[in-house]
Amino acid sequence: IVEQRQRIQNRLKKALGLESKLTEILIEAYDDVRDLATVQTNLPSATFPPECPYTIEQMLDKTYYLLPP
């Protein structure tokens, strides 16, 4: 999670116009990830929420959803 957040931050710094498209990107990416999770886990797609349960702010927050050391 930490590594992916850093990669996102680096991309946002390099492509300034990308930030305005994050919601659209999230919707498309979540559909792909949900399909992938269904295949990899062999669970029905209904197992996973139809929409991403996290906000962009939560995903970019360095302290959100980290397990304690």
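User: Does Tyr 54 count as buried, partly exposed or exposed, and at what relative accessibility?

Analyst: This is a predicted model, and the values here are computed from it. Tyr 54 lies in the loop between helix 2, residues 22-41, and helix 3, residues 56-60. Buried means under 20% relative accessible area and exposed means over 50%, with partly exposed in between. Because its relative accessibility falls between those limits, Tyr 54 counts as partly exposed, at 32%.

User: Which residues make the nonpolar surface patch of about 330 Å²?

Analyst: A residue needs over 30% relative accessible area to be part of a patch, and Tyr 54 has a relative accessible area of 32%. The nonpolar patch covers about 330 Å², and the residues that make it are Ile 1, Tyr 54 and Tyr 65.

User: How are the rings of Tyr 54 and Tyr 64 arranged, stacked, tilted or edge-to-face?

Analyst: The count comes to one aromatic pair. The ring centres of Tyr 54 and Tyr 64 are 6.2 Å apart and the planes stand at 70 degrees; since planes over 60 degrees apart count as edge-to-face, the arrangement of this pair is edge-to-face.

User: Where in the chain do the two partners, Tyr 54 and Tyr 64, lie?

Analyst: Tyr 64 counts as partly exposed, at 28% relative accessibility. The pair links distant parts of the chain, with its members 10 residues apart: Tyr 54 is in the loop between helix 2 and helix 3, and Tyr 64 is in the segment after helix 3.

User: How far apart in space are Gln 4 and Leu 60, C-alpha to C-alpha?

Analyst: Gln 4 lies in helix 1, which spans residues 2-14, and with a relative accessible area of 43% Gln 4 is partly exposed. Gln 4 and Leu 60 are 56 residues apart in sequence, while their C-alpha to C-alpha distance in space is 9.3 Å.

Technical notes:
Residues are numbered from 1 along each chain as its sequence is written. This is a predicted model: local features need pLDDT of at least 70, side-chain atom pairs count only at pLDDT 80 or more; totals for chains, interfaces and linings use all residues. Side-chain values use heavy atoms; hydrogens and water are left out. Patches are made of residues with over 30% relative accessible area and no salt bridge: like charges are joined within 9 Å, nonpolar side chains (Val, Leu, Ile, Met, Phe, Trp, Tyr) within 5 Å. Accessible areas come from the Shrake-Rupley method with a 1.4 Å probe; for residues, only the protein chains shown count as cover. A salt bridge is a side-chain nitrogen of Lys or Arg within 4 Å of a carboxyl oxygen of Asp or Glu. Helices (H or I, at least four residues) and strands (E, at least two) are DSSP runs, numbered from the N terminus. Buried means under 20% relative accessible area, exposed over 50%, partly exposed in between (1.4 Å probe, protein chains only). Rings of Phe, Tyr and Trp (its six-membered ring) pair if their centres lie within 6.5 Å; planes under 30 degrees apart count as stacked, over 60 as edge-to-face and the rest as tilted.
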